[in-house]
Amino acid sequence: MDRQPFVVAADVQGEYRTPPRVSKLLLSPKTVGTRAVSMGLNVTEVGSMIPDHIHEDSEEVMFIISGRAKLVIEGEGEWEIGPETAIYSPLGKKHRLENIGNEPLKLVWVYSPPLPQHCK
């Protein structure tokens, strides 16, 4: 193996996005050579959100590490959730997470298969 099979999140420069949040791609075809999955870390600022989006070809699961969120999945419902909660977002369903707490919302996300931008 010509690269390490792990990534230290603190060593990865995140991508700042609007609304205010940072996303770090940790494990992917381009970082460690995964084939069927990619994983990253998202930190969403207080009062911000991961806005509505849809994944047509990749399943997404998330795990909240810290903070509180309102999860909205189109046609499914809305829920207030907190730490140590695992989330599944069905294919083709618009979804978002709003930080409703008083601290950053920190979560791990996983896509299978990886999103196209995780492969290049």
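Trainee: Does Lys70 count as buried, exposed or partly exposed?

Mentor: The general idea comes first: buried means under 20% relative accessible area, exposed over 50%, and partly exposed in between, with a 1.4 Å probe and protein chains only. Lys70 counts as partly exposed because its relative accessibility is 21%. Glu78, at 51%, counts as exposed. Before we go on, note that this is a predicted model, where local features need pLDDT of at least 70 and side-chain atom pairs count only at pLDDT 80 or more, while totals for chains, interfaces and linings use all residues. Residues are numbered from 1 along each chain as its sequence is written, and side-chain values use heavy atoms, with hydrogens and water left out.

Trainee: What do the side chains of Glu78 and Lys70 meet in?

Mentor: They meet in a salt bridge, with 3.6 Å from N to O. The term stands for a side-chain nitrogen of Lys or Arg within 4 Å of a carboxyl oxygen of Asp or Glu. The structure holds six of them. Another joins the side chains of Arg96 and Glu98, at 2.6 Å from N to O. Glu98 is buried, with a relative accessible area of 16%. Salt bridges with shared partners connect Asp52, Lys70, Glu78, Arg96 and Glu98 into one network.

Trainee: Which residue forms a salt bridge with Glu76?

Mentor: That is Lys93, and the closest N and O atoms are 3.2 Å apart. This pair links distant parts of the chain, 17 residues apart: Glu76 is in the loop between strand 6 and strand 7, and Lys93 is in the loop between strand 8 and strand 9 (95–99). Strands here are DSSP runs (E, at least two residues), numbered from the N terminus.

Trainee: How do I read the order of strands in a sheet?

Mentor: Look for paired strands: two strands pair if DSSP finds at least two bridges between them. Six strands form an open sheet here in the order 1-2-3-10-5-8, with antiparallel pairing. Its edge strands, strand 1 (15–17) and strand 8 (85–89), each pair on one side only. Inside the sheet, seven bridges join strand 3 (residues 38–44) to strand 10, and Met39 stands opposite Val110 in strand 10. Strand 5 and strand 10 also pair over seven bridges, in the antiparallel sense. There, Phe63 has Val108 of strand 10 as its bridge partner.

Trainee: What is the order of strands in the open sheet of four?

Mentor: The order is 4-9-6-7, again with antiparallel pairing. Strand 4 (49–53) and strand 7 (77–81) are the edges. Five bridges hold the pairing of strand 6 with strand 7, and Ile73 stands opposite Gly77 in strand 7.

Trainee: Which residues are on the covered face of strand 10, and which on the uncovered one?

Mentor: In a regular strand the side chains alternate between the two faces of the sheet. In strand 10, Leu105, Leu107, Trp109 and Tyr111 make up the covered face, while Lys106, Val108, Val110 and Ser112 make up the uncovered one.

Trainee: And how do I read a nonpolar core?

Mentor: It is a set of buried Ala, Val, Leu, Ile, Met, Phe, Trp, Tyr and Cys residues joined through side-chain atoms within 4.5 Å. In soluble globular proteins, nonpolar side chains tend to be buried together. The largest core here has 15 residues, of which Ile64, Ile81, Ile87, Leu97 and Leu107 touch the most other members. Strand 10 gives the largest share, four residues.
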